[in-house]
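Student: I would like a close look at a single part of this protein. Please take the pockets and cavities in turn.

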Amino acid sequence: MKVAFVSHFGGLGGAERSLLELMPALRATGVHPTLIAPEPSPLSEAARALHLPTHRAPFRRLERRRSVDFVRSAARLPLGWLHLRRLLCGLRPDIVHANTGAAMAWVGPVARRLGIPTVWHWRDFDRGAHVPLLGSSCDLALTISESVTRHATAELRGHTPVVCVGNGVRDLPTAAPLEVASWRRPGTVLVAMAGQAVPRKGHDVFVAAVAEARREVPELSAIAVCADWGDGSAWTRQIHAQARSGGTRVVGEIASVASLFEAADIVVVPSRREPFGRVAVEGMLAARPVIASDVDGLSEIVDPGRTGLLVQPDDPEALAAAVVTLARDPELRKEMGRAGRARARERFTPERVADALRAAYATLPLSVTG
């Protein structure tokens with residue numbers, strides 16, 4: 001079975017990292033994956049490093065609606081569709097797999113005309129009047145959590161089958177001891193968070209909670225990864241300004257959270273919304289207790305009282321209280337860390353997702369081009 005995965009974005013966000021971990025796992029199930037993505041890009045370079053067949057995407061990323069750039073990028077759609085049609089006719093895949101909603105805007109019309117079964121991978125809370133239209137161009141919608149499943153089912157209005165295959169996270173690589181030591185100061189309890197520089201990730205809640213918690217636990221230290229893909233967003237500047245008086249060290253994008261989470265005593269995921277919660281799983285894989293917002297996919301990952309704690313979103317006081325509880329109890333942290341790692345390795349592996357995805361593919365009709 002040949003599957004062409006299409007990504008509209010060439011960066012390495014959560015959706016792209018999950019795809020890079022999923023494709024090798026799929027090969028073990030008898031699927032032959034090919035990636036179509038922007039080039040040159042970090043995504044295409046990482047795919048080639050994994051020996052995954054990669055082809056240049058004949059389109060550019062669609063910009064946000066209601067902007068001049070959106071009009072310009074939308075004008076490129078017909079030419080992009082034509083180039084994509086030629087590429088798919090050459091590759092002759094059995095299935096086309098759109099990794100995001102934006103990728104579906106490119107894939108849907110072309111694959112439908114060619115008679116190739118099309119899968120739309122829902123990795124976020126896609127919404128809007130265009131969603132049912134895109135849904136009519138795909139044969140199957142796949143989701144990464146039960147929370148996204150409920151959302152996708154409502155948005156697609158029952159016209160497209162929706163199957164939850166979950167999301168997988170590869171185990172963290174072994175971190176160099178010197179790199180681990182560089183993150184922390186002796187005699188401190190380190191709490192850490194990592195997220196893209198957008199308000200949804202809750203950096204402001206984390207910084208405020210740390211400032212509150214340090215009143216009761218003076219030895220508390222904190223690091224927040226605020227990954228800004230641009231030239232410095234207003235949100236990033238706001239977080240840096242807030243952190244200067246709150247006792248949190250803010251850093252930009254890092255290659256891997258492995259060394260940071262190994263150095264940390266507690267991992268915090270204070271998101272206001274989260275379709276899955278990759279960082280929470282990474283914290284569990286590092287054998288660290290995870291304090292997360294009780295929202296969406298995070299509620300499905302963290303087992304409260306066993307692998308970590310859940311708190312109400314957008315509530316710095318509640319988050320501070322949870323941090324204080326774990327900061328004062330090293331034995332509880334160890335116990336939760338062990339349970340969290342076991343849960344992550346049992347439930348959130350790319351291999352489990354690959355098996356579920358292979359079974360979902362088997363429900364699709366054969367491509368007329370295959």
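What volume does the second largest pocket have?

Tutor: The second largest pocket has a volume of about 300 Å³. This is a predicted model: local features need pLDDT of at least 70, side-chain atom pairs count only at pLDDT 80 or more, and totals for chains, interfaces and linings use all residues. Residues are numbered from 1 along each chain as its sequence is written, and side-chain values use heavy atoms, leaving out hydrogens and water.

A pocket is an open set of points on a 1 Å grid over the protein atoms alone, with protein on both sides within 12 Å along at least five of seven lines; a cavity is a set where a 1.4 Å probe fits but cannot get out; lining residues have an atom within 4 Å of a point. Volume is the space filled by probe spheres set on the points, which are joined across faces, edges and corners.

Sixteen residues line the second largest pocket, with Val165, Gly166, Asn167, Arg347 and Phe348 nearest its centre. Helices α13 (296-301) and α16 (350-361) each supply at least two lining residues; helices are DSSP runs (H or I, at least four residues), numbered from the N terminus.

Now the cavity. The count comes to one of 30 Å³ or more. About 30 Å³ of space lies in the largest cavity. Its lining is Ser18, Glu21, Leu22, Asn167, Gly168, Pro350 and Val353. The most comes from α1, with three.
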